[in-house]
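Please keep the sequence and the model in view while I speak.

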Amino acid sequence: MTSEPISDVEALTALDARARGLDAWSLARFEALTSDQGYQLMGIADDSTQALLAFAVFSVGPFDLELEMIAVDPSHRRQGLAGQLIVAMIEQGEAKGLERVLLEVRAGNDAAQALYERHGFEVDGRRTGYYPQASGGREDAILMSRPLARQEQGAERPAQ
């Protein structure tokens, strides 16, 4: 399974509904994103069935990438798919010569925060009451970022 650009809005919408329930985005939102050059959607599909298992949405700015969302099918969680998408996003940013990746994550989502930290993200701050909750309350967002290794046009990547 590899990360590839994806534009199948029906598959994105269905997976998002399974993965995030009431927080899922609409078909219209995915349609808008797939036609907006400021966004990239990367997905991972099952090699045999071609079913979408995970995807990431990120925006591309002049200096930064911003991770908007990662969704993984509940039956395929904890298999490294989100990590593969993060690595693919980081590689895209480095290839474009961008400076860093930004993201926001729910303060109560310890698993996601740990995943991001494993991929070199650090906490930059907190937005109070950023995310709405089903209970009617609000949850803080943790702001995280990760610097990217800027690649010179045509330069070889150093050996690691």
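I begin with a definition: a residue is called buried under 20% relative accessible area, exposed over 50%, and partly exposed in between, computed with a 1.4 Å probe on protein chains only. This is a predicted model, in which local features need pLDDT of at least 70 and side-chain atom pairs count only at pLDDT 80 or more, while totals for chains, interfaces and linings use all residues. Residues are numbered from 1 along each chain as its sequence is written, and side-chain values use heavy atoms, with hydrogens and water left out.

Let me turn to the charged pairs. Side chains of opposite charge can pair when their charged atoms come close. A salt bridge here is a side-chain nitrogen of Lys or Arg within 4 Å of a carboxyl oxygen of Asp or Glu. The structure holds seven salt bridges. One of them joins Arg-18 to Asp-73, with 2.9 Å between the closest N and O atoms. Arg-18 lies in helix α1 (residues 9-20) and Asp-73 in the loop between β4 (64-72) and α3 (81-95), so this pair ties together parts that are 55 residues apart in sequence. Helices (H or I, at least four residues) and strands (E, at least two) are DSSP runs, numbered from the N terminus.

Are the two partners buried or exposed, or something in between? Arg-18 is partly exposed, at 44% relative accessibility, whereas Asp-73 is buried, at 9% relative accessible area. Contact means heavy atoms within 4.5 Å. Not counting residues up to four places away in sequence, Asp-73 touches Leu-15, Arg-18 and Leu-53.

Which residues form a network of salt bridges? Asp-23, Arg-106 and Glu-139 are linked in this way. In the pair of Arg-106 and Asp-23, the N to O distance is 3.5 Å. That pair links distant parts of the chain, 83 residues apart: Arg-106 is in strand β5 (residues 100-106), and Asp-23 is in the loop between α1 and α2 (27-34). Asp-23 is partly exposed, with 39% relative accessibility. Glu-139 meets Arg-106 at 3.0 Å, again N to O. Here too distant parts of the chain are linked, as Glu-139 is in strand β7 (residues 138-147) and Arg-106 in strand β5, 33 residues apart. Glu-139 counts as buried, at 16% relative accessibility.

I now move to the nonpolar interior. A nonpolar core is a set of buried Ala, Val, Leu, Ile, Met, Phe, Trp, Tyr and Cys residues joined through side-chain atoms within 4.5 Å. The largest such core has 28 residues, of which Ile-70, Tyr-116 and Phe-121 touch the most other members. Two or more residues each come from β2 (39-45), β3 (52-60), β4, α3, β5, α4 (110-118) and β7. The element α3 gives the most to this core, seven residues. Leaving aside neighbours within four places in sequence, Tyr-116 has contacts that include Leu-67, Ile-86, Leu-103 and Met-144. A second, separate core has 14 residues, among them Ile-6, Ala-19, Leu-33 and Leu-52.

Next, the largest pocket. On a 1 Å grid over the protein atoms alone, a pocket is an open set of points where a 1.4 Å probe fits, with protein on both sides within 12 Å along at least five of seven lines; lining residues have an atom within 4 Å of a point. Grid points are joined across faces, edges and corners, and a volume is the space filled by probe spheres set on the points. The volume of the largest pocket is about 1200 Å³. Of its 34 lining residues, Arg-20, Ile-70, Asn-109, Ala-112 and Tyr-116 are the closest to its centre. Strand β4 supplies the largest share of the lining, seven residues.

Finally, two loop residues deserve a mention. Most residues other than glycine have a negative phi. Gln-50, in the loop between β2 and β3, has a positive phi near 65°. Gln-50 is exposed, with a relative accessible area of 57%. Arg-78, in the loop between β4 and α3, also has a positive phi, near 65°, and is exposed at 81%.
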